[in-house]
Amino acid sequence: EGEQTLILGYPLGALVNGGDADTVRISQFTGRVASIQRMSNDMERYYVDSMGLHGNSGSPVFSLRDCRVVGVFSGSIKPQDEEINFFYPIEYFWQRFVRPEEEEEQDG
C-alpha cells in the first residue's frame, strides 16, 4: 500500500485523436496503491488512486520504485458518482496464462 504506480495503455483507442488508429500514442497514468483488498474467493485486488479509462483493461501496471510490472489493470468500481480503479497482481497472470503452458510442455 502506498507504492507509486504507472499504468500504460491506449484508453479509448482511436477516439482520442479523431479516429486515426495508426497514430494513437500511448497514454500514461501515475498514482499509488490506495489499498489491497482480499476478495471472497481469496484473491487480492489492488485499488489505485490513478486514472484508468475504458480501454485500459489489460494494461501493465508498473512499480515506480523498481520499474517492474506488478499487475494487470482490470477496471473500476463505480458504486455512485465516485469511481475507484483496480488491478490484479501480476502473479495471477502468470498462474493463469503462462504456467499452465509450461506444465503442459514438461508433461508432454
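What percentage of the 108 residues in the protein chain is buried? Buried residues make up 29% of them, where buried means under 20% relative accessible area, exposed means over 50%, and partly exposed lies in between (1.4 Å probe, protein chains only). This is a predicted model, in which local features need pLDDT of at least 70 and side-chain atom pairs count only at pLDDT 80 or more, while totals for chains, interfaces and linings use all residues. Residues are numbered from 1 along each chain as its sequence is written, and side-chain values use heavy atoms, with hydrogens and water left out.

**View 1. The elements of the protein chain.** The protein chain has 1 helix and 6 strands, in the order β-β-β-β-β-β-α from the N terminus. Helices (H or I, at least four residues) and strands (E, at least two) are DSSP runs, numbered from the N terminus.

View 2. Asn56 sits in the loop between strand E3 (44-48) and strand E4 (60-63). Asn56 counts as buried because its relative accessibility is 0%. Apart from neighbours within four places in sequence, Asn56 is in contact (heavy atoms within 4.5 Å) with residues including Ile7, Leu8, Phe29 and Phe73.

**View 3. The salt bridge of Arg32 and Asp49.** The structure holds 5 salt bridges, each a side-chain nitrogen of Lys or Arg within 4 Å of a carboxyl oxygen of Asp or Glu. One of them joins Arg32 and Asp49 (3.3 Å, N to O). Arg32 belongs to strand E2 and Asp49 to the loop between E3 and E4, so the pair ties together parts that are 17 residues apart in sequence. Arg32 is partly exposed, at 35% relative accessible area, and Asp49 is partly exposed too, at 44%.

**View 4. The network around Arg38.** A network of salt bridges links Arg38, Asp42 and Glu44. Between Arg38 and Glu44, the closest N and O atoms are 3.1 Å apart. Arg38 is exposed, with a relative accessible area of 51%, whereas Glu44 is partly exposed at 21%.

**View 5. The salt bridge of Arg68 and Asp66.** The side chains of Arg68 and Asp66 form a salt bridge with an N to O distance of 2.7 Å. Arg68 counts as partly exposed at 47% relative accessibility, and Asp66 counts as partly exposed at 34%.
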